[in-house]
Amino acid sequence: MTMCSGREILDEVLHHLRFDEAVAARVRETSTVVPCLMPYVTSQFLVRRRDDRPKVVPEGSVNLAFIGQFAEVPDDVAFTFEYSVRTAWTAVAGLLDLAKQPPPVYKGHHDPHVLASALETMHHRPSTAGGRPPAGRRAAPDTLAR
Ligand SMILES: Cc1cc2nc3c(=O)[nH]c(=O)nc-3n(C[C@H](O)[C@H](O)[C@H](O)COP(=O)(O)OP(=O)(O)OC[C@H]3O[C@@H](n4cnc5c(N)ncnc54)[C@H](O)[C@@H]3O)c2cc1C
């Protein structure tokens, strides 16, 4: 990857998206792709212990909180916007003692619909006709967007 030109990366993406040749040609003509390395991006996935990262609102704190991917949120999955938004919401709600706390973390692996959908996907059988994505790819019912 590190040796690819932007054009080569775009070709790879277009190949995976399976656009027809006319659309792919138009995208190539109208796109500029500048390769960019993110050498530390996988740091968010490093194995960690419970106390490696600070709690969003540390014990006893009344005016200091940590937000973003490196603050600890039990059960949530790092590398998502939702994670960062949850830390900010937790910080504000905690420090200001607000009644409206963030909704519980959505646990798709406990949802029978998601599990059934995952099973179908593993067996390469589309779960629905008409292009609607399987349950596991739809927005979780309790996402922060609500
Ligand atoms: C390639 C890629 C694809 C992704 N795809 C998805 C996706 O599909 N869905 C999803 O939910 N998430 C995705 N993410 C993750 C998502 O982008 C991040 O989790 C989210 O942007 C984190 O938001 P944040 O505000 O916590 O941090 P950031 O967006 O990283 O913001 C931190 C800001 O602080 C600034 N900053 C850093 N240090 C200093 C300093 N010393 N002084 C001042 N400013 C500073 C930075 O410049 C930056 O603007 C993706 C990330 C990447 C890299």
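The legends below describe several close-up views of one predicted model.

**View 1**
Of the 146 residues in the chain, 5% count as buried. When contacts between residues at least 6 apart in sequence are considered, 42% of them join residues that are at least 24 apart. The mean pLDDT of the chain is 87, and 85% of its residues reach 70 or more. Over residues 138-146, however, the pLDDT is below 50, and this stretch has 13 contacts in the model beyond near neighbours in sequence. Among the helices, confidence is lowest in α4 (residues 112-122), with a mean of 91, and highest in α3, with a mean of 97.

**View 1. Helix α1 and the residue that follows it.**
Helix α1 is formed by residues 6-17, which makes twelve residues in total. From its first C-alpha to its last, the helix reaches 16 Å, and this is close to the 16 Å expected at 1.5 Å a residue. Just after α1 comes Arg18, which takes a positive phi of about 55°.

Val27 has its place in helix α2, and it counts as partly exposed because 14 C-beta neighbours lie inside 10 Å. If its neighbours within four places in sequence are left aside, Val27 is in contact with Leu14 and Phe19. The view also includes Leu10, which is 17 residues away from Val27 along the chain, with a separation of 8.9 Å between the two C-alpha atoms.

**View 2. Two residues in the loop between α2 and α3.**
Cys36 lies in the loop between α2 (21-30) and α3 (81-95), and Ser43 lies in the loop between α2 and α3 as well. Cys36 counts as exposed because it has 7 C-beta neighbours inside 10 Å, and Ser43 counts as exposed because it has 11 such neighbours inside 10 Å. For each of them, a partner from another part of the sequence can be shown. Cys36 and Gly6 are 30 residues apart along the chain, while their C-alpha atoms are separated by 9.2 Å. Ser43 and Phe70 are 27 residues apart in sequence and, from C-alpha to C-alpha, 9.5 Å apart in space.

**View 3. The residues around the ligand.**
The residues around the ligand are Met38, Val41, Gly68, Gln69, Phe79, Thr80, Phe81, Glu82 and Ser84.

**View 4. Helix α3 and its buried residues.**
Within α3, the residues Arg86, Thr87 and Thr90 are buried. Because these three cover an arc of only 100° around the axis, they are placed on the same side of α3.

Pro103 is found in the loop between α3 and α4, and it is partly exposed because 14 other C-beta atoms lie within 10 Å. Arg86 and Pro103 are 17 residues apart along the chain, and their C-alpha atoms are separated by 8.8 Å. Arg86 is one of the buried residues of α3.

**View 5. Two aspartates with positive phi.**
Asp75 is found in the loop between α2 and α3, whereas Asp97 has its place in the loop between α3 and α4, just after α3. Phi of Asp75 is near 75°, which is a positive value in a residue other than glycine, and phi of Asp97, also a residue other than glycine, is near 55°. Asp75 is exposed because it has 8 other C-beta atoms within 10 Å, and Asp97 counts as exposed because it has 7 C-beta neighbours inside 10 Å.

Conventions: Residues numbered from 1 in each chain as written. Predicted model: local features only at pLDDT ≥ 70, side-chain atom pairs only at ≥ 80, totals over all residues. Helix = DSSP H or I, 4+ residues; strand = E, 2+ residues; numbered from the N terminus. Buried ≥ 20, exposed ≤ 12 C-beta atoms within 10 Å, placed from the backbone. Expected span 1.5 Å × (residues − 1). Contact = placed C-beta atoms within 7 Å. Near = placed C-beta within 6 Å. pLDDT = per-residue confidence, 0-100. Arc of directions from axis to C-beta.
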